[in-house]
Amino acid sequence: MKTLSDFDFKNKKAIIRVDFNVPLDENFKVTDTTRIEAAKPTIDAILAQGGSVILMSHLGRPKGVEEKYSLKHILSTTSEILGVPVQFVSNCIGEEASSAASNLKSGEVLLLENLRFHAEEEAGDVAFAKELASLGDIYVNDAFGTAHRAHASTTIIAQFFSKEKCFGLLLSKEIESLNKVLKNSQKPVTAVLGGSKVSSKITVIENILDKVDHMIIGGGMTFTFVKALGGKIGNSICEDDKQELALEILRLAKEKGVEIHIPVDVVAANAFSNDAETQIVAVDKIPDGWQGLDAGPKSLENFKKVIMDSKTILWNGPLGVFEMENFANGTITLGNFIADSTANGAFSLVGGGDSVAAVKQFGLEDKVSYVSTGGGAMLEMLEGKVLPGIAAILD
Ligand code: AMP
């Protein structure tokens, strides 16, 4: 796996695919700078060696050129974070871009306009990728969030660099962390899969059954399993057409020696609302008109033991409707168990939009080993797929 340390960037121009798809408010001010800050170590390292940097990214989903999606809006924030003035060109290809790139001196940074102003980006157009490639000497991919897309700047561009291509620090850390769970894991390995639906996680479940010793299944998915096993789930969320699949997963897990842990009790509510009445009931005896919205205390006690005994933990998806305060306890408590286990030496990886949001919201970000930045990309890696953006560098 080639990374920054395999190259000398002195007097070289690095063209870096970053993920600067940041949220902007109505005045086009960046409201969350996490992604820009995440790319800083790679940029700093290259500049420190006496290289120069050309940054390319997408922002939003523009249809052609749309002013509101211009990367010029993030220019001052990027300069502030990087601590150097950042130059900007209003087209990522063409005369303006190539002349700005060729005039770039050691220590300087150039930001290209939104790649997605050209439909060729998402189409993976070879000629467009070649133009981008012509701007730099070394291609660096540091955008995990788009590594599962075979776009021009994330994948196709790499073919124009025979050897001069590598992963940035952020992307190498993502790959390394996922490999610590999927490949070189210390046992016992536990995966916690929550969230709303079996259908969106099924490929992940199937793939990681081969890699884990324990699987905790929580959140809305629980009820498809419980119903399939003959339990009474009241109005809880359920995918009836996935009941067979749920039974098949349980059978496969048994065959592979994976212990599956499903909540035994839940916080049930008489409406999908934070103000609903609640009661703790057995997961398979939920009264008519009630629905399970969070894991109950006995379930959490059971999960605690599994988590504390684990050496490797993967967490994807909340244990309940954590967006509502009254149903957030399961997710918070689980997050704390994972933090405690991490403090005891376990490696913990949190990924997937909602669990990342939960970890941030509950202040656990620094208490787990790694928080993944790419939702879709991480899920695809967990599904066992080879991401095109990663394969292109390894070629
Ligand atoms: P996902 O995007 O599949 O990871 O699902 C995340 C969503 O699942 C969150 O918005 C949670 O509110 C929701 N969720 C978790 N537990 C439940 C539940 N018991 N009933 C309904 N929705 C749930």
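The model is predicted: local features need pLDDT of at least 70, side-chain atom pairs count only at pLDDT 80 or more, and totals for chains, interfaces and linings use all residues. Residues are numbered from 1 along each chain as its sequence is written, and side-chain values use heavy atoms, without hydrogens and water.

Start with the sheet. Strands of a sheet pair through backbone hydrogen bonds, either parallel or antiparallel. Here three strands form an open sheet in the order E11-E10-E12, with antiparallel pairing. Strands (E, at least two residues) and helices (H or I, at least four) are DSSP runs, numbered from the N terminus. Two strands pair if DSSP finds at least two bridges between them. E11 (278-282) and E12 (291-295) are the edge strands; each has a single partner, so one side of each lacks a neighbour in the sheet. Strand E10 (residues 265-269) pairs with E12 over four bridges. Val 267 stands opposite Asp 294 in E12.

Now turn to the helices. H10 (residues 297-309) packs against H11 (residues 329-343) at an angle of about 25°, with the axes 9 Å apart. Axes are lines fitted to C-alpha atoms, for helices over the stretch in contact, and angles run from 0 to 180 degrees between N-to-C directions. H10 and H11 are therefore roughly parallel (angles under 35 degrees). Which residues of H10 and H11 make the contact? H10 gives Leu 300, Lys 304, Ile 307 and Met 308. Residues from H11 include Thr 333, Leu 334 and Phe 337. Contact means heavy atoms within 4.5 Å.

Terms used:
Angles under 35 degrees count as roughly parallel, over 145 as roughly antiparallel, 65 to 115 as roughly perpendicular and the rest as oblique.
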